[in-house]
Amino acid sequence: MKSNKLEKYEKKEKLGEGTYGIVYKALDRNTNEYVALKKIRLESEEEGIPSTAIREISLLKELNHPNIVKLMEVVHSNKKLVLVFEYVEMDLKKFFAQFPKEKGMEPVIVKSFLYQLLRGIQACHQQKILHRDLKPQNLLVSKDGILKLADFGLARASGIPVKSFTHEVVTLWYRPPDVLLGSKNYNTSIDIWSVGCIFAEMSNLKPLFAGSNETDQLKKIFRVLGTPTPIEYPKLNDLPSWKPENFEQYQPDNLAKFCPRLDPDGLDLLIKMLKINPDQRITAKAACDHPFFKELPEQVKKLYVNVK
């Protein structure tokens, strides 16, 4: 595409910096609407476009859903690749800051956002796409209360050979124990664990498992959910980093102690997401049908809820 395509965008402010690019807020002079420009530096002609950018572009072209950020245009000019996204006002992490920690978010907002997050991840999983980096900073919230999945730089199509998966994915606090223990043989369950951690964080306004390194992260998980055994998780002994002598034996604790604002249905859904054995985790589709959402207003299910 010709470089003059960028001239219609008037850059306003820097929104953030990712692993391979900078995101700016910009005004589309033709439509008078704001967009988000993700500028990716191309180091040299030989190296070409980073694989993460190619992956993000190709996967986002497969996904057209109200709960997934829309890729509007791709502009390729001299040593620069710019992805033009719809502009969304803030991320979920910033949204949390509006609420006093002692009161938390209103339960209807938690329920609405979780439902929308599940709808978005269900759309990914139906297309056999794993996001692999779900966290509050990668979820965007519009002024109309629409939640959208963003940043597909680590996403992968799950149909590719398992050997090319890496366990160096998902920000530590949202990474499942099987991946922390070195599993490369994972599927959609990797995202469901992250959704569970985000669900608890929406309820508590603080992370559920805030480890300082991989070992500490596992310890924090096991203290709450119990240290696994090969009886309940038969593939445990196959995981590269699993050595029973390295982990203290904890019994499962009552999750209600750690998420006191959740009702019994909410706790039941959270428990189904946070299964240490990935084969036992609920699917996104089944989670959307969980009784936790039975009283969710229809307008919320249709994605038109208004929040402050």
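This is a predicted model: local features need pLDDT of at least 70, side-chain atom pairs count only at pLDDT 80 or more; totals for chains, interfaces and linings use all residues.
**Entry 1**

Helices (H or I, at least four residues) and strands (E, at least two) are DSSP runs, numbered from the N terminus. Strand 2 covers 21-28 and strand 3 covers 33-41. They run antiparallel, joined by 8 bridges. I count two strands as paired if DSSP finds at least two bridges between them. Asp-28 has Glu-33 in strand 3 as its bridge partner.

I then checked Asn-32, in the loop between these strands. Its phi is positive, about 65°, although Asn-32 is not a glycine. Is Asn-32 buried or exposed? Asn-32 is exposed, with a relative accessible area of 57%.

My ground rules come from the record. Residues are numbered from 1 along each chain as its sequence is written, and side-chain values use heavy atoms, with hydrogens and water left out. Local features need pLDDT of at least 70, side-chain atom pairs count only at pLDDT 80 or more, and totals for chains, interfaces and linings use all residues.

**Entry 2: the next strand, and another positive phi**

I followed strand 3 to its pairing with strand 5 (residues 80-86). The two are antiparallel over 7 bridges. Val-35 stands opposite Glu-86 of strand 5.

I found Asp-151 in the loop between strand 9 (147-149) and strand 10 (156-157). Asp-151 is partly exposed, at a relative accessible area of 27%.

**Entry 3: helix 8**

Which residues of helix 8 (residues 264-273) are buried? I noted Gly-266, Leu-267, Leu-269, Leu-270 and Met-273. Seen down the helix axis, the buried residues fall within an arc of 165°, so they line one face of helix 8. The arc is that of the directions from the helix axis to the C-beta atoms. I then asked what covers them. The cover includes helix 3 (107-126), helix 5 (189-204), helix 7 (255-258) and helix 9 (284-288). Contact here means heavy atoms within 4.5 Å.

**Entry 4: Phe-209**

I located Phe-209 in the loop between helix 5 and helix 6 (214-225). Phe-209 is buried, with a relative accessible area of 1%. Leaving out residues up to four places away in sequence, I listed its contacts. Among them are Trp-173, Trp-193, Cys-197, Ile-221 and Leu-274. I also took one distance: Phe-209 and Arg-223 are 14 residues apart in sequence and 10.0 Å apart in space, C-alpha to C-alpha.

**Entry 5: the second largest pocket**

I read off a volume of about 350 Å³ for the second largest pocket. Of the 19 residues that line this pocket, the closest to its centre are Leu-225, Gly-226, Glu-232, Pro-252 and Ile-276. A pocket is an open set of points on a 1 Å grid over the protein atoms alone, where a 1.4 Å probe fits, with protein on both sides within 12 Å along at least five of seven lines; lining residues have an atom within 4 Å of a point. Grid points are joined across faces, edges and corners, and the volume is the space filled by probe spheres set on the points.

**Entry 6: the whole chain**

The chain has 10 helices and 10 strands. Of its 308 residues, 53% count as buried.

Conventions: Buried means under 20% relative accessible area, exposed over 50%, partly exposed in between (1.4 Å probe, protein chains only).
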